[in-house]
Amino acid sequence: MQNLSVEIINQLSDNYSYLIFNNNNSSSIIIDPAEAEIIIDSLKQKKLDLDYIFITHHHKDHTSGVLNLLKEYPKVKIFSPSELNSLSINKISDGDILKTSLNEFNILSTPGHTLDHIVLCDYNNNLLFAGDVLFRLGCGRIFEGTFEQMHHSLQKLFNLPDEMKVFCGHEYTKNNLKFLEYIFKNNIILEKTKNKILKDLNSKGRSIPFNLGEEKKCNPFLNQECELGIEFKQRNNYSNSEFFRYLRERKDNY
Ligand SMILES: [Zn+2]
């Protein structure tokens, strides 16, 4: 373990890109770059080289910065689950273990939001880069896959260690919170969660990263039997997959 730092870089209106580095060498990794300039500024300020770009899925708001980063750092290695125009990439898929000069990533395939979607797990440092699969108090929209695929992908994340810190692709937490308040009116668990989130948002201006173990207790998209949703689920006699589908459909139309 190398004592990694993760800098959260705001991108576009509500995207996050992540810069990973340490204080021992000039190596760095960027995840899901949308806007290259702000990333290049940060790299220069820290006197870092960019060695690796990792992509979680093909959407433009996670990839549009790649080309300009490549122009500035021609030796950078790009790891992506699918082709990026005509760029030369290293394709990554489920089960791959990638050693970088900073850490090791386990790749998990998580289709649903898109079919190519993967998440990056760094078990030694307890970091999970979840792209658009899992958000705080929510999950990604299903664009390419099925409800079953998305539900299964979220279950994969549910089975990861509680200690993991989750870095997701967007700041959607406030809206996710509003939706849960609308569905689960006057829920005491939700009230507690809300206070924690408002504290994070007020002090840091963002709700990221969040702890996976805590999320398992209050995110009904991630865990249909969580304290927050279990009573609602039982009252309506839903199976876990039916409850997931119900919530995702309500959210789509919210
Ligand atoms: Zn996306």
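Reply: Two strands count as paired if DSSP finds at least two bridges between them. The model is predicted.

In S2, Ile20 is the bridge partner of Val6. S1 and S2, the latter covering residues 15–21, are joined by 7 bridges and run in the antiparallel sense. They belong to an open sheet of 6 strands, ordered S1-S2-S3-S4-S5-S6, with mixed pairing. S1 (5–11) and S6 (90–91) are the edge strands; each has a single partner strand, so one side of each lacks a neighbour in the sheet. Helix H1, residues 36–45, lies across S1, S2 and S3 (28–31), and runs at about 150° to S1.

The zinc ion has His57 (NE2), His59 (ND1), His113 (NE2) and Asp132 (OD) as its protein donors, at 2.2 to 2.3 Å. Along the chain, these donors follow the spacing H-x1-H-x53-H-x18-D. His59 is in the loop between S4 (52–54) and helix H2 (66–72), whereas Asp132 is in the loop between S10 (127–131) and S11 (134–135). The two residues are 73 residues apart, so the pair links distant parts of the chain. His59 and Asp132 are both buried. The arrangement around the zinc ion is irregular because the angles subtended by the 4 donor atoms span 88 to 171°, whereas a tetrahedral assignment needs all angles between 85 and 135 degrees.

Key: Residues are numbered from 1 along each chain as its sequence is written. This is a predicted model: local features need pLDDT of at least 70, side-chain atom pairs count only at pLDDT 80 or more; totals for chains, interfaces and linings use all residues. Side-chain values use heavy atoms; hydrogens and water are left out. Helices (H or I, at least four residues) and strands (E, at least two) are DSSP runs, numbered from the N terminus. Contact means heavy atoms within 4.5 Å. Axes are lines fitted to C-alpha atoms, for helices over the stretch in contact, and angles run from 0 to 180 degrees between N-to-C directions. Donors are N, O and S atoms within 2.8 Å of the metal (3.2 Å for Na, K and Ca); water is not among the atoms, so sites may look incomplete. Four donors count as tetrahedral if all angles lie between 85 and 135 degrees; four count as square planar and six as octahedral if opposite donors are over 155 degrees apart and all others between 65 and 115; anything else is irregular. Buried means under 20% relative accessible area, exposed over 50%, partly exposed in between (1.4 Å probe, protein chains only).
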